[in-house]
Amino acid sequence: MRSFRLFIVEDDLFYGELLKRHLQLNPDNEVYLFKDGKQCIENLHLAPDLIALDFGLPDISGYEVMKKVHIEYPELPVVIVSGQEDVKTAVDLLKEGAYDYFVKDNDTKDRLWNLINKLREKEKLITEIDELKEEVGRKYNFNNIKGNSPAIKDVFKLLSKALKTRITVSITGETGTGKELVAKAIHYNSSRNKFPFVAVNVAAVPAELIESEMFGYEKGAFTGATTRKIGKFELANTGTLFLDEIGEMDLNMQAKLLRALQEKEIIRVGGNDVIPIDSRIIVSTNKNLAEEVRKGNFREDLYYRLLGLPITLPPLRSRGNDIIFLSKYFIDEFCKENDMIPKKLSGSAQDKLMKYPYPGNVRELKAVIELAVVLSDKDEIEPEDINFSNTDEVTNFLVDECTLAEYNRRIIKFFLEKNNNNVLVAAQKLDIGKSTIYRMLKNNEI
Amino acid sequence: MKNECFDLSGLEQYVGNDPEQTKEMIQIFLDTMPAEVELIKSHAANKRWVEVYKLVHKIKPSFEVFRMTELCEGMVNIEKFTRDGYKEDLDLDKFLTPFFRDFDKVLIKLSDAKNQL
């Protein structure tokens, strides 16, 4: 632990020396005693962590010393230690930037001691937060979005474009494709990465609470509002606000969100003050928002405002060999985390993995692989170690009760996606004419 | 150590009950305070009441460390009389004279106490 450097500025030599000796009882405290304001200012290059300043100094008043200190070191805490019990003086000094105000009495030494401990703890927490921020940044580095398929490479291209500006980004993709991971990657690789990333799952917040959640509320705004609450928009100020499942937002709230985005300001529920906001917006949905606009469930003006740079995350089943690439990555990570010798994937296990449609996408694959590692008794994972929750790729299509035409549509769509939308290959595999598929595409059936 | 003039327990707490440091701090008090009190006398003689107030206010916390109750009460009264400039019709002398007299006595007792540590 590094020393805590403290300046005591006190013209009563006995009292100053006494405080110095008391605080030096902790060998981690490095205490300097100065008898006037001039000495204190001349020694600021020693970079103190705290200045305990007598209010009534012989040369310059404590107030003037504090002002001079704060011109050079605005963040440096200055505590006034004074014989004055005048409340007005104390309040004025606190308003002018004093960290605290102690009256000289029997408790002064304990107050200073506690303050130093508090500042040390604060410094430790700030260091920890900085380290965690760096760690989170590393975690959401683009390198951690795995994949080599053309589909995911297209996503990488868009991600790099998203970093260059503060354009709104709309991410679409099925559940488990990594929408939040991509949103975090954009934030933590952008110039806003030192500021908060605030995520709101719109679907998880009841409609009657969403406004206060987003904009905050003032004390007394409604029954139960006993204190002011800062909303997500304010929390994300200068950072990024991620609105997950935006397609679930009701029309009333959509209008309020649109206004906030247009005006770049909000008003807390029950409040009057207009609060400017500067948050980058990233939204995600697993719905087709254009379709929701057509149905009247989503405002068209909001849709265009949020569309920004659209990034569509491909379903895992259309990412070809990424399934094996990701499987091997998950095996290595899981074995490392659990101090296990890395296992391999047998050829037949790879075949089994490739045949499954992964309705839960990457999230599901990860769970399947981790279970397989645990179940496997050998160095190599075999097909019997791999268990899918949706039994198999065929029954997956049978979960919903549909018409035969709808089943046909789903099967053809599945084969198209699995084969990178190659109509010829899909038609060959299904043993149907390619014109059948072209006709369905033309009619927007698939 | 405690007597009718002072109580060293407060000082001892400041220095972690270290007798050597207690002695050193008493010595610093004995070395520095007489000059301050002499200055108060001089200011009072010349009716520089604002200066009297400032000095008494400055040194009072040190006296409180020694829990010199009577001297501190006297200092509080001197502060009250001189804070906004002394009005001649008030009898400040009834506080100043005993303060100067008692201070000299306390110094002797404090010196003895130091030697006994």
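# Worked exercises on a two-chain predicted model

Pro383(A) sits in the loop that runs between strand S16 (380-381) and helix H16 (404-418) of chain A. Helices (H or I, at least four residues) and strands (E, at least two) are DSSP runs, numbered from the N terminus.

This is a predicted model: local features need pLDDT of at least 70, side-chain atom pairs count only at pLDDT 80 or more, and totals for chains, interfaces and linings use all residues. Residues are numbered from 1 along each chain as its sequence is written, chains are lettered from A and ligands numbered from 1 in the order in which they are written, and side-chain values use heavy atoms, with hydrogens and water left out.

**Exercise 1. Which residues does Pro383(A) touch, not counting residues up to four places away in sequence?**

Step 1. Contact means heavy atoms within 4.5 Å.
Step 2. Pro383(A) then touches Ser346(A), Ser348(A), Ala349(A) and Lys352(A).
Step 3. Take Ser348(A), 35 residues from Pro383(A) along the chain. Their C-alpha atoms are separated by 6.2 Å.

**Exercise 2. Describe the interface of chain A and chain B.**

Step 1. Count residues. Chain A brings 17 residues into contact with 22 residues of chain B.
Step 2. Get the buried area (accessible area, 1.4 Å probe, that two parts lose on being put together, summed over both). It is about 1,800 Å² between chain A and chain B, with 60% from carbon and sulfur atoms.
Step 3. Find the main contributors in chain A. Phe14(A), Leu18(A) and Arg21(A) lose the most area to chain B, together 38% of what that side buries.
Step 4. Look for salt bridges (a side-chain nitrogen of Lys or Arg within 4 Å of a carboxyl oxygen of Asp or Glu). Two cross the interface of chain A and chain B. Arg21(A) forms a salt bridge with Glu24(B), the closest N and O atoms being 2.5 Å apart.
Step 5. Locate the chain A side. Helix H1 (residues 13-23) of chain A gives the most to it, with eight residues.
Step 6. Sort that side. It holds six nonpolar, four polar and seven charged residues. Here Ala, Val, Leu, Ile, Met, Phe, Trp, Tyr, Cys and Pro count as nonpolar, Asp, Glu, Lys and Arg as charged, and the others, Gly among them, as polar.

**Exercise 3. Trace the open sheet S2-S1-S3-S4-S5 of chain A.**

Step 1. Two strands pair if DSSP finds at least two bridges between them.
Step 2. Five strands form this sheet, with parallel pairing.
Step 3. Check one pairing. Four bridges join strand S3 (residues 50-54) to strand S4 (residues 78-82) of chain A. Leu53(A) has Ile80(A) in S4(A) as its bridge partner.
Step 4. Axes are lines fitted to C-alpha atoms, for helices over the stretch in contact, and angles run from 0 to 180 degrees between N-to-C directions. Helix H5 (residues 108-139) of chain A lies across S1, S2, S3, S4 and S5, at about 160° to S5(A).

**Exercise 4. What salt bridge does Arg5(A) form, and which strands hold the pair?**

Step 1. The partner of Arg5(A) is Glu30(A), at 3.2 Å, N to O.
Step 2. Arg5(A) is in strand S1 (residues 4-9) of chain A, and Glu30(A) is in strand S2 (residues 29-34), 25 residues apart.
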